Each structure stands twice: as C-alpha cells, then as structure tokens.
Amino acid sequence: MPQPLIEFRCVRKRFGRLVVLDGVDLRVLPGQSLVIIGASGSGKSVMLKHIVGLLRPDAGEVYFDGQRIDTQPERRLLVLRQRFGFLFQMGALFDSLTVGENVGFPISEHTTKTPEQVRQVVAHKLRMVGLAGMEAKMPAELSGGQRKRVALARAIALDPEVVLYDEPTTGLDPVRADVINELIVKLKRELNICSIVVTHDMNSALRIADRIAMLHEGRIIFDGTPAEIQSTTNPVVRHFVTGEADASELAALGVEKRNAAGGAMPQRWNLNAEGRP
Amino acid sequence: MALDLIESVGRRTTGVVVTFGDFWRFVGRTVLILFAPLRMRHVRAVLPQMYEVGVRSVPVVAVTGAFIGMVLAVESFTQFKAIGQESRLGSIINLSVVKQIGPVLAAVMLAGRIGGALTAELGTMNVTEQLDALRVMGSDPIRVLVVPRLVACVLLTPVLTIYSDFLGVTGGWFISVQTLGIPDEAYWLASARSVDIWEINEGLVKSFFFGGAIALISCYKGFTCGAGASGVGRACTESFVASFIAIIILNFFFAQVAKDWYLTIYGVQSIFAQ
C-alpha cells in the first residue's frame, strides 16, 4: 500500500463538554480527491483544521508526508503550511487588499520573485479560475462565487501539494456551485494535487470525489467510492445521502412525514458507470 | 449552592490566570519577532500604520491638550490669587501638563481612537477567518499585523505627547496671560524654574511605554475576540478599559520611580521655594 500523504490516527478533539472527534482514523493518498461529508456541526471543518495544525488533537496523531504535525511548534508549522492551499468557507480574502494583492500575498511572502514576476503569476492564477483582469478589484466588489474563485486562486498561488476546501459551494446558487465544482475537478486534473473537500452538498461530493468519507458523531462511519455510497446499506449514510428528514426530526417540528421512504433510495441524480452525476 | 459558587469562582480565577499568561506569551512572541530580521516589505507595512496612528490622531490630541491647559489655568487661578502667588501659575500648569496630564491624556485619547480601531480591525479579521488564512499561508499574523502596529504606536505616541504638551502649554499661557492678565515674563519665569528637561523626559519616556501597552492590549483583544459582531464589540470595549487601566497603573509606577530617582539625584526642589 502506498505511503499516505495525510493520516489521522485515533484523533480525538473536544470543545468543553462537546466531543467533536472521537477516535478518527483516516488515510489520504497522494493525488486523491477525498470528500468528507457529514451533518452541519459534525466536525468536518475541525478535521481540516487539524491537517494544517490550526487545531491540535486532545489525543491521537496527525501525520503529513510521514511527519507528525500535531506536535510541531508553530514556527515549524508555518513552513509546512506552505505546502498546503486552503479555501475557507467564506473565502477569508483580506478586505483591505485588492484581488491581485490577495493572490500575490503568499508569493511575495515566501518567494524571492520580483514584483513583475509576482504580477505574472497572479495573472496566470486568476486566468486559471476564470477571473482574468480582475486584479484591481476590491473583495467587496465581488459576488460570492467570484470571492471563492479568488480565494481558490490564492490557495493555489504557491503550487501546493494539497488543497483543502472548506464548504466550497455553501451559499452559492446551483449554477455558481457547479462552476466551483468544475474548477476543483479541473485544478485536480491540471495540477495533479491531492484535494480534501468538506461539504454537505451531495451533488458536489459526487461530482468531485474519488473517495467519500462520512463523519458522524465524531467517527468515520463510511469510507468508499461515489458508486459505493449509492449502494450502501448503512441507514445513517443512506439517510444523509437522500437528504430527507426522518420522522423524529419532523415530529420535533410538529410536522408529519408525508412520504415515508420505503427503503429504495430516491434517484436524485442521473449517475454514470462511475457513480457520478 | 455553595459548591456552585466555589466552582464559579474557581473557573473565573482560572480564566483570568490563563488570559494573563496567554497575553504575556503573546507579548513575548511579539518582542521576539520584533527583533528578528525583517524584509523591506515588512518595514514598508509600518508606514500606513504610522499615518493611521500619528497623522489621523493629531486633531483629537490637539484639542484635548489645548483645552486641558486652559482648564488648568481657569481652575488654579483663583486659589493662587488668594495667596498672592498668581504669577507662579505657569509652574503648576506647565509642570502638570508636561509630567502628567499631557502624556496620560494623549495616551487615553489614543487608547480610545487607535486601540478601538485596532481591536475592531483585527477582531473582524479573526471572526472572518482572515487570521487563519494568514496562518495557513505560512505567514505569522503577529509579524504581518501586530509588529507594524506596535512599532507605529511606540514611535508615535511620544510624538503625539510632545504635540499634546505643546498645545497644553500654549492653552494654559493663553488663558493665564491673555485673559487673566498675569505678566508674561513672570509666567514664563515661574514655568522655567519648575519645568526642566527631567520633567519633559519623564513624560516622553512613559508615553513610549503607554504606546506599547495600547498596541499590545488592542491587538491581543482583536486576536482573541469572540465570534460575531457582538464578540468584536465586546473586545473593543474590553480593549479600551484594559488599555486605560494599564496606562493609569504604568503612570503610577513611573511617577514613583521617577520621583525616587529625582530625589536621589537632585533632592527636593519646591516650586514655591524660589
């Protein structure tokens, strides 16, 4: 079995009395596109932040490229993080800088490129995300989808080995969400980078993933291909994938379930042989 | 009931101790980075902060300084006149302005204007994950954001204090000489006898530390603020209150130390002696 690029070994994390990760084991191989799904608040973003050392586990170990990173001092982590790109849920663009300055920021910080060379790289990265010529705009002038694409251009500015996506399609309309999905697939194809995507958007997950893992109550309860998740018999996974509230959840709202699912998973997507929409 | 109370007191005490320790770790890291080699782009990042801290604070510091000098003249004149010492009014006004009121008021005004703005800016960056974005790009937010603000505050608080002192002295002179009719020569003679370079330096040295305290407290509060708009708002209030308290406490210790040194070197010099 090839050496994993990223590995979680029995990672536990709690915030106060809330247990978020309860013994997570996960291995991600180089070049793989892993999508982590799970309900809101299930700890998906917490997992991502453990990968780059923004959070440290209470117990367990996190490895990147064979090095244990959860025990590294911040000074060492700053160097390691240059091998990652991270797309934040809301983009996290620096609102006092222009689009060009945002994308050029990591390049100016960590390379010895001249301002002209930085401008060329920025223009190239913006072309890759379909936003050529937007260098002078301020983040406040951009739409939600454009902000995410600029954030993505910034995330890949240093040609990272791994790109982490935190809810890349949240808050976008279906068309813009699809643009982001296609962009993630394109970047993976062109740059051959390892992608880890956290989402609760199943449409997005099926389009992007080589492999899907589901986090539920602090543990990975499913780990398989898009085709396998379509045929799983695990009721929790099936419940999440179909996206239907169960009777107990509706009862809490005082609403009766109108169309109880008999067992067959509704065909919400037209899937190809690989299980993709 | 009693156990709940003990638990609550214990939790609060632990929280205060943890915050205090965390703040000093933050200060330690900032100081370490401050003396690490910097690239030209980091030096350039100080200039916009100097404009924000220095140039844009001039009006508020000017108005405050001038009016405090004027108020001191108005309030002191009657008492000095009652004992026939109104010609010595300049000594008490200028000594107060240069040693205490000028530096402290300039610092308090900066804590309100700059401290609040720094906390709000960094707090907003914190809640919108911009600080995390810096970290995951391999940049240290303390080096990129805190150090330029600290340098600007430390360098420009003394400059603003000089400005505040100058306008306080001018305001006091204007009311004393131009309005209350104290002879010009007597006013300045009394001032020159009581205010020397020691008093001016004492005010400037402590303003240097006031600037550092304002920047470090405000940046720390921004970096550790709670989620959402209410978290940022609360952090701004806490930042001003903590900066204000730090200024007052630092001022007390500086006054004590400076007085002890002065007495050791020069002995007692009464402003009424000559």
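Two residues are taken to be in contact here if their C-beta atoms, placed from the backbone, lie within 7 Å. By that criterion Ala62(B) touches Tyr163(B) and Leu167(B), when residues up to four places away in sequence are not counted. The structure is a predicted model, in which local features need pLDDT of at least 70 and side-chain atom pairs count only at pLDDT 80 or more, whereas totals for chains, interfaces and linings use all residues. Residues are numbered from 1 along each chain as its sequence is written, while chains are lettered from A and ligands numbered from 1 in the order in which they are written.

Ala62(B) lies in helix 4 (residues 58-82) of chain B, where helices (H or I, at least four residues) and strands (E, at least two) are DSSP runs numbered from the N terminus. Ala62(B) counts as buried because it has 20 C-beta neighbours inside 10 Å, the cut-off for a buried residue being 20 or more other C-beta atoms within 10 Å of its own, with 12 or fewer for exposed and partly exposed in between. Although Ala62(B) and Tyr163(B) are 101 residues apart in sequence, their C-alpha atoms are 6.8 Å apart in space.

Elsewhere in chain B, the axes of helix 3 (residues 46-53) and helix 7 (residues 141-179) come within 8 Å and cross at roughly 45 degrees. That angle makes helix 3 of chain B oblique to helix 7 of chain B, since angles under 35 degrees count as roughly parallel, over 145 as roughly antiparallel, 65 to 115 as roughly perpendicular and the rest as oblique. The residues that meet include Val46(B) and Met50(B) in helix 3 of chain B, and Val151(B) and Leu156(B) in helix 7 of chain B. By class, this contact between helix 3 and helix 7 of chain B holds 8 nonpolar, 1 polar and 1 charged residues, with Ala, Val, Leu, Ile, Met, Phe, Trp, Tyr, Cys and Pro counted as nonpolar, Asp, Glu, Lys and Arg as charged, and the others, Gly among them, as polar.

Between the chains, the contact takes 12 residues from chain B and 17 residues from chain A. On the side of chain B that touches chain A, the largest share, 5 residues, comes from helix 6 (residues 130-136) of chain B, and that side has 3 nonpolar, 4 polar and 5 charged residues.

Chain A itself has 10 helices and 10 strands. Buried residues make up 41% of the 277 residues in chain A, and its C-alpha trace spans about 65 × 40 × 40 Å along its principal axes.

How values were computed: Axes fitted to C-alpha atoms, helices over the stretch in contact; angles between N-to-C directions.
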